[in-house]
Amino acid sequence: MAASIWKTCQVCLCRSIQYSSRVGPITRTISSQNASISHLLRRDPKEMCDTVVAKGWIKSVREQKHVMFLSLHDGSCIDSLQIVAKEHVCTDGIAFGCSVEVRGHLIPSKSKGQKVELSAEEIKVIGPCDNEIYPLKARTRHSADYTRQIPHLRSRTNTFSSLLRIRNSATQAVHAFFQEAGFLQVDTPIITSNDCEGAGETFTVQPANPVVLEDVEKNSNDKSGLFFNVPAFLTVSGQLHLEIVASSHQKVYTLGPTFRAENSSSRRHLSEFYMLEVEEAFADSVEDIMKLTEDCVKSVTHKVCNQSQDDVELFHKHVSPGHKDVIDKLLGKPFTVLSYTDAINILEKHRKQFEFDPKWGCDLLKEHEKFLVSHCDNIPVFVVDYPADIKPFYAKSNDDPSTVAAVDLLVPDVGELVGGTVREDRLDILQQRLDDLKLTDSYQWYLDLRRFGNVPHSGFGLGFERYLQFLLGVEHIRDVIPFPRYAHSCLL
Ligand code: 4AD
């Protein structure tokens with residue numbers, strides 16, 4: 001801890017600790033010995049006379065008579081550093097996939113597409129790689145289906161390496177957007193005793209070891225056989241906890257893991273996914289939710305496309321050709337708004353195109369969502385005012401009580417990206433709903449938020465993987481998360 005001294009306030013004579021300012025900002029200095037490839041590739045050719053050390057994994061090996069060309073990758077950027085090893089440098093054991101430490105001089109490169117290259121003086125093989133049995137092959141674009149089966153090696157492929165940098169950049173952009181807008185980041189719990197969405201899609205949390213349970217019961221009057229005395233689950237949404245903090249801090253958000261026990265093998269469902277959840281006190285209309293959602297999606301998209309341009313381009317060129325136009329359109333045009341009732345009317349007119357009939361009172365299916373977006377010129381569409389019966393208990397009733405102030409955002413290819421509602425803030429109505437659902441006892445704390453210092457408020461949740469799927473045009477949600485979990489699969 002920094003040294004401190006007591007400081008006395010000259011007004012009320014209270015004492016507080018003043019922390020020493022002797023310690024300046026602590027930053028990690030980048031030297032020639034620990035620079036990343038991204039850093040080395042940006043070095044100014046004029047200051048390239050010192051010895052540098054580059055570390056990473058070999059992406060390709062090209063041998064000529066008196067010289068060997070290697071490309072070295074370390075995950076810091078999409079590009080590799082070209083290593084030139086002349087005859088005097090020992091290259092024994094160098095192969096695709098092995099890890100190496102290279103010492104040498106950065107020099108201007110004569111090859112196309114790179115300003116600098118590393119003229120090697122010494123190459124140390126740190127971890128060899130037997131190409132006969134290595135599941136990845138040099139200069140091969142492995143299919144997503146294949147690399148999904150080897151999650152421990154998937155991050156070494158070009159596409160997944162780009163994905164990881166884009167995910168990082170999108171996370172940063174989300175935080176930047178909400179921090180700049182004055183929102184407080186809140187860590188909502190992963191283990192919870194509520195099923196926020198009330199859909200029964202929870203995973204139960206209990207100790208795996210029965211001895212632990214016996215031990216817990218021994219020292220307690222509670223004989224429920226439950227570790228926490230109450231049923232506990234992995235969270236399906238942090239919304240209710242955010243509502244608590246919004247009722248004291250007004251604007252809050254979280255970006256964290258969320259769990260749903262759905263038996264779905266669809267291309268847009270996971271058992272564990274990340275959700276951006278936002279809650280704002282005094283924001284009392286679906287218009288407020290739509291404005292914030294649209295600003296957030298556009299700002300994050302703009303930032304990621306700029307900050308991770310090369311990585312995003314890799315997807316838009318090789319994975320989803322033509323998808324850049326969809327993103328440009330999103331950035332350039334205002335999102336469309338449709339009421340749920342209008343949406344159903346549109347769908348009913350085209351009923352023959354669907355496998356399942358659209359029907360007022362039922363959830364929109366993926367085929368309906370896709371149709372609505374293409375009907376609106378492939379611009380994201382907000383659908384508002386859903387039937388009360390298909391939305392959770394916390395959604396606020398409209399003047400017409402058959403609908404609630406709920407909004408979903410539908411985007412091209414993916415369908416539903418965001419779900420939000422104005423929260424029911426009228427104590428009597430909320431109480432009645434909880435009574436009907438026989439939940440009143442466990443939700444007294446939620447009712448307290450309406451009893452004491454109540455405010456109108458609203459919020460939304462955005463599926464982070466669905467966002468990445470949409471941004472990059474990735475077909476399968478399992479390919480935008482490092483370690484996908486879904487029914488029948490929990491690899492590693
Ligand atoms: O519409 P949902 O269920 O909304 C909520 O959970 C609210 N409590 C959020 C809030 O208001 N704070 O989920 C929000 C979003 C969906 O629109 C979808 O993008 C994503 O989360 N999502 C999933 N993503 C991947 N796999 C799943 N199984 C998902 N379920 C929902």
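Ala, Val, Leu, Ile, Met, Phe, Trp, Tyr, Cys and Pro count here as nonpolar, Asp, Glu, Lys and Arg as charged, and the others, Gly among them, as polar. The model is predicted: local features need pLDDT of at least 70, side-chain atom pairs count only at pLDDT 80 or more, and totals for chains, interfaces and linings use all residues. Residues are numbered from 1 along each chain as its sequence is written, and side-chain values use heavy atoms, without hydrogens and water.

**Exercise 1.** State how the shell around the ligand divides by residue class, and which residues come nearest.

*Solution.* Step 1: the shell holds eight nonpolar, seven polar and eight charged residues. Step 2: a residue is near if one of its heavy atoms lies within 4 Å. Step 3: of the 23 residues around the ligand, Glu-197, Gln-239, Glu-262, Glu-277 and Glu-416 come nearest.

**Exercise 2.** Find the distances from Glu-277 and Tyr-394 to a nitrogen atom of the ligand.

*Solution.* Step 1: a polar contact is a pair of N or O atoms within 3.5 Å; within protein, one must be able to donate a hydrogen and the other to accept it, and residues adjacent in sequence count only if both atoms are side-chain atoms. Step 2: a polar side-chain atom of Glu-277 is 2.6 Å from a ligand nitrogen. Step 3: for a polar side-chain atom of Tyr-394 the distance is 3.3 Å.
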